[in-house]
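Please keep the sequence and the model in view while reading.

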Amino acid sequence: PTDPAALLRERGIYVTAQRLAVLRVVGDRPHVTAEVVLQGVRDEIGSISRQSVYDTLNTLTDLGLLRR
């Protein structure tokens, strides 16, 4: 499925606003740094910690949804 929420559910992880925002930012701007993702997510949903973005990026990478 191309629906980000469905991709997360398919891999057995909770769908959260933060995870969806990270997927949207990365989908819109491939080959970006974590700092660019952080700013993009903050622009989209407001407050999010740097650690949450890093944790989400690591989780999505571990699940095979992103590559480093």
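This is a predicted model: local features need pLDDT of at least 70, side-chain atom pairs count only at pLDDT 80 or more; totals for chains, interfaces and linings use all residues.

Residues are numbered from 1 along each chain as its sequence is written, and side-chain values use heavy atoms, with hydrogens and water left out.

Helices here are DSSP runs of H or I with at least four residues, as strands are runs of E with at least two, and they are numbered from the N terminus. Helix 2 has 12 residues and reaches 16 Å from its first C-alpha to its last, close to the 16 Å expected at 1.5 Å a residue, where the expected span is 1.5 Å times one less than the number of residues. Its buried residues are Leu20, Ala21, Val22, Leu23, Val25 and Val26; buried means under 20% relative accessible area, as against exposed at over 50% and partly exposed in between, with a 1.4 Å probe and protein chains only. These buried residues of helix 2 pack against helix 1, helix 3 and helix 4, and contact, here and below, means heavy atoms within 4.5 Å.

Helix 3, residues 34-45, also has 12 residues, and from its first C-alpha to its last it reaches 16 Å, close to the 16 Å expected at 1.5 Å a residue. Ala34, Val37, Leu38, Gly40 and Val41 are buried in helix 3. An α-helix has 3.6 residues a turn, so residues three or four places apart point the same way. The partners against which the buried residues of helix 3 pack are helix 2 (17-28) and helix 4 (50-62). After helix 3 comes Gly46, with a positive phi, near 95 degrees.

Leaving aside its neighbours within four places in sequence, Leu57 is in contact with Val22, Val26, Ala34, Val37 and Leu66.

How are helix 2 and helix 4 placed relative to each other? They pack at an angle of about 75 degrees, with their axes 10 Å apart; axes are lines fitted to C-alpha atoms, for helices over the stretch in contact, and angles run from 0 to 180 degrees between N-to-C directions. Helix 2 and helix 4 are therefore roughly perpendicular, because angles of 65 to 115 degrees count as such, those under 35 as roughly parallel, those over 145 as roughly antiparallel and the rest as oblique. On the side of helix 2, Arg19, Val22, Leu23 and Val26 meet Thr56, Leu57 and Leu60 in helix 4. The residues of this contact divide into 5 nonpolar, 1 polar and 1 charged, where Ala, Val, Leu, Ile, Met, Phe, Trp, Tyr, Cys and Pro count as nonpolar, Asp, Glu, Lys and Arg as charged, and the others, Gly among them, as polar.

Val26, in helix 2, is buried with a relative accessible area of 18%, and beyond its neighbours within four places in sequence Val26 is in contact with Val37, Leu57 and Leu66. Ala34, in helix 3, is buried at 17% relative accessible area and, not counting residues up to four places away in sequence, touches Val53, Tyr54 and Leu57. Val53, for its part, lies in helix 4 and is buried, with a relative accessible area of 0%; leaving aside its neighbours within four places in sequence, Val53 is in contact with Ala34, Val37, Leu38 and Ile48.

Gly40 is in helix 3 and counts as buried because its relative accessibility is 6%. Leaving aside its neighbours within four places in sequence, Gly40 is in contact with Val25 and Arg29. Gly40 and Asp28 are 12 residues apart in sequence and 9.9 Å apart in space, C-alpha to C-alpha.
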